[in-house]
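Keep the coordinates open and follow along.

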Amino acid sequence: MYHHHSRHHIIAWGIACVFLSSCSLTSASTGSYSYQSGTLLEKKDFSSILYHDFFYQSQGGASDALLSKGSEKCLVIPVAFSDYSWSEKRLQDLNVAFNGTSEETHYWESIKSFYHKSSFSQLDFSFSIISPYTVDSTAADFLIKSNDINSSKSSVSSLMASAIAAYKEKTGDFCKDFDVDGNGFIDAVYLIYACPDYASAKDLGASDLAERQGYWAYTARDSATRANPASPVGRSFTWASYDFMYRGVTERRSNESDIQVDAHTYIHETGHLLGLDDYYSYTPNEDDYTNLNYKYYTPTGGLDMMDLNILDHDAWSKLALGWNKPYVVTSDLSFPLTVELEESQIQGDCLLIPAYGESYNGSAFDEYLLVELYTPDGLNALDGETKYASAYKYPQGFFMPGVKISHIDARIARNQSKSFTYLQDLSNFKTLLASSTSSSYYRVAASNTPNRSVKDGYRLIHLLEASGVNTFANKDYATLWNNEYFYANNTSLFVPEDGRSDFSMKKFASFFENQQSVAAPASSSISSLSSVSSSVTSTSVGLFNSGKAFGYDLRINGIKGNNVASVVTYKVSLTITKA
């Protein structure tokens with residue numbers, strides 16, 4: 001989970017005008033912008049390789065992940081201490097946060113309802129919340145004083161093993177129902193502790209807990225455990241405070257019957273249990289990382305469930321989990337090519353564009369641009385309308401329709417002694433995975449945390465700002481912006497409007513780590529001798545991380561909506577030309 005104490009710098013919002021009639025809603029078009037019908041492309045199935053495959057067999061069998069499709073049953077263990085216990089009211093709230101309907105939360109979504117919607121009904125969670133397990137110590141005595149979250153993982157792993165063993169002994173349940181993939185590990189264990197997290201403890205004046213940053217929300221894997229198909233054991237777990245249930249709401253008083261809970265943080269951590277990475281960077285909190293070109297970079301601008309815990313999952317995350325099928329642009333198509341996309345909230349529409357001349361590898365794990373139409377409805381509605389947990393300085397989500405264009409570098413590499421070798425052919429990937437060891441294994445090479453990436457400037461998912469001005473780099477964070485971040489906002493979205501409608505590798509060169517200089521003729525000038533002279537200058541053009549030229553330009557033609565019975569749905573038209 002993101003550390004709450006970072007702040008954001010507000011940029012002026014761009015306002016898009018719309019015209020409303022009784023049956024349609026159409027975005028304003030000015031000048032040469034007009035909505036155009038598109039060529040119908042075939043959606044491609046990218047589910048042959050999913051994140052579960054990495055965690056199921058990578059790192060010498062030292063990891064694991066939830067299945068992202070079908071029915072999953074997870075174990076939830078409330079953790080109590082001698083000085084912090086679970087009330088019946090909070091246990092009721094916890095059940096709603098995990099298993100409730102949208103309506104029962106009286107706020108947003110439970111984990112179950114969120115993932116049912118986000119996966120387009122392809123993932124169905126059920127959570128068994130067992131009786132609280134009480135640690136035989138105070139909360140302060142359980143964890144050591146430390147400002148390093150990792151310092152707590154050993155203690156928490158031991159706690160998990162003890163709590164599961166106690167549950168098995170008490171109930172006679174061997175936990176086979178919690179091992180849906182049958183690999184001998186409980187697919188996911190949630191350890192929800194009864195004391196405040198360290199940041200809340202500081203606000204409450206509980207200094208003993210505030211000095212223990214292990215009291216936070218995180219997801220980890222205990223690589224020391226060994227599979228037991230007859231009686232599955234815990235490996236993947238989430239450790240989080242009860243108080244994250246009340247980040248965006250006020251905890252009800254004991255005499256109030258209407259439950260109101262907030263599952264944002266638990267939903268984010270569940271993304272990790274599914275295999276997804278954090279899309280924010282850890283380096284702002286790492287004193288030993290000093291490269292200001294990357295230290296404060298916010299590649300997705302904060303506005304994503306795997307970034308600052310808000311909004312829905314983005315289109316790439318859903319590709320990697322097998323929930324959507326992209327349209328794919330290939331160089332054998334006729335150009336200029338006009339394509340229409342429905343909003344990604346409806347059925348996962350997105351457009352995948354590899355470098356010109358390159359064939360896609362049939363999975364989400366490659367390098368390309370990904371285009372989706374964002375709309376402030378469905379799972380995006382709440383965080384688009386209001387700032388989540390405003391006391392913690394979260395940014396507001398996008399609250400207008402617009403196009404997100406992201407550079408994805410999800411290429412798989414073999415990591416052997418911290419040396420990466422990209423895997424060019426994925427046809428036998430699952431066979432190769434079986435030979436992984438703890439020192440030689442396969443992973444997505446790029447990361448949004450620079451010192452975890454194959455190269456500091458190679459990012460897993462990078463939202464491209466429609467203006468072509470790279471504010472997410474935050475290079476002046478420490479000196480100019482008074483410790484406030486530039487985060488994404490409405491102006492980050494592409495729309496049919498001058499300055500925010502077009503993409504080219506020339507205009508967006510600063511967003512790419514690799515660039516090439518190309519000759520560009522300068523304007524002719526009249527010399528003092530009245531003779532015409534011309535000179536040649538150079539300009540930078542961005543390249544993919546692979547070193548390949550993208551080869552296309554993109555232009556948003558229009559965004560239109562259809563209003564039927566007060567329900568508005570949107571479509572976007574965009575044209576792709578060879579650069």
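Start with the second largest pocket, which holds about 370 Å³ of space. Of its 18 lining residues, E358, D366, R411, Q424 and K548 are the closest to its centre. The lining divides into 9 nonpolar, 4 polar and 5 charged residues. Here Ala, Val, Leu, Ile, Met, Phe, Trp, Tyr, Cys and Pro count as nonpolar, Asp, Glu, Lys and Arg as charged, and the others, Gly among them, as polar.

The model is predicted: local features need pLDDT of at least 70 and side-chain atom pairs count only at pLDDT 80 or more, while totals for chains, interfaces and linings use all residues. Residues are numbered from 1 along each chain as its sequence is written, and side-chain values use heavy atoms, with hydrogens and water left out.

Pockets and cavities come from a 1 Å grid over the protein atoms alone. A cavity is a set of points where a 1.4 Å probe fits but cannot get out; a pocket is an open set with protein on both sides within 12 Å along at least five of seven lines. Lining residues have an atom within 4 Å of a point. Grid points are joined across faces, edges and corners, and a volume is the space filled by probe spheres set on the points.

The structure holds 5 cavities of 30 Å³ or more. The largest cavity has about 120 Å³ of space. It is lined by 17 residues, and D312, H313, D314, S344 and E372 lie nearest its centre. Helices (H or I, at least four residues) and strands (E, at least two) are DSSP runs, numbered from the N terminus. By class, the lining of the largest cavity has 5 nonpolar, 6 polar and 6 charged residues.

β15 leads on to a sheet. Five strands form an open, mixed sheet in the order β12-β14-β15-β16-β20. Strands pair if DSSP finds at least two bridges between them. β12 (327–328) and β20 (461–463) stand at the edges with a single partner strand each, so one side of each has no neighbour in the sheet. β15 pairs with β16 (residues 402–409) in the antiparallel sense over 8 bridges. The bridge partner of E367 is D409 in β16.

Next comes β11 (residues 236–241). Buried means under 20% relative accessible area, exposed over 50%, and partly exposed in between (1.4 Å probe, protein chains only). In β11, 6 of the 6 residues are buried, so the strand is largely enclosed by the rest of the structure. In a regular strand the side chains alternate between the two faces of the sheet. S236, T238 and A240 point one way from β11, and F237, W239 and S241 the other. β8 (residues 189–193) pairs with β11 in the parallel sense over 5 bridges. I192 has A240 as its bridge partner. β9 (residues 218–221) runs antiparallel to β11, joined by 4 bridges. There, R221 stands opposite S236.

Helix α9 (residues 264–273) is mostly covered, with 10 of its 10 residues buried. G275 follows α9 and has a positive phi, near 115 degrees.

Finish with the cores. A nonpolar core is a set of buried Ala, Val, Leu, Ile, Met, Phe, Trp, Tyr and Cys residues joined through side-chain atoms within 4.5 Å. The largest has 107 residues, of which Y51, Y215, W239, W316 and F365 touch the most other members. A second, separate core of 56 residues includes L464, F472, Y487 and Y552.
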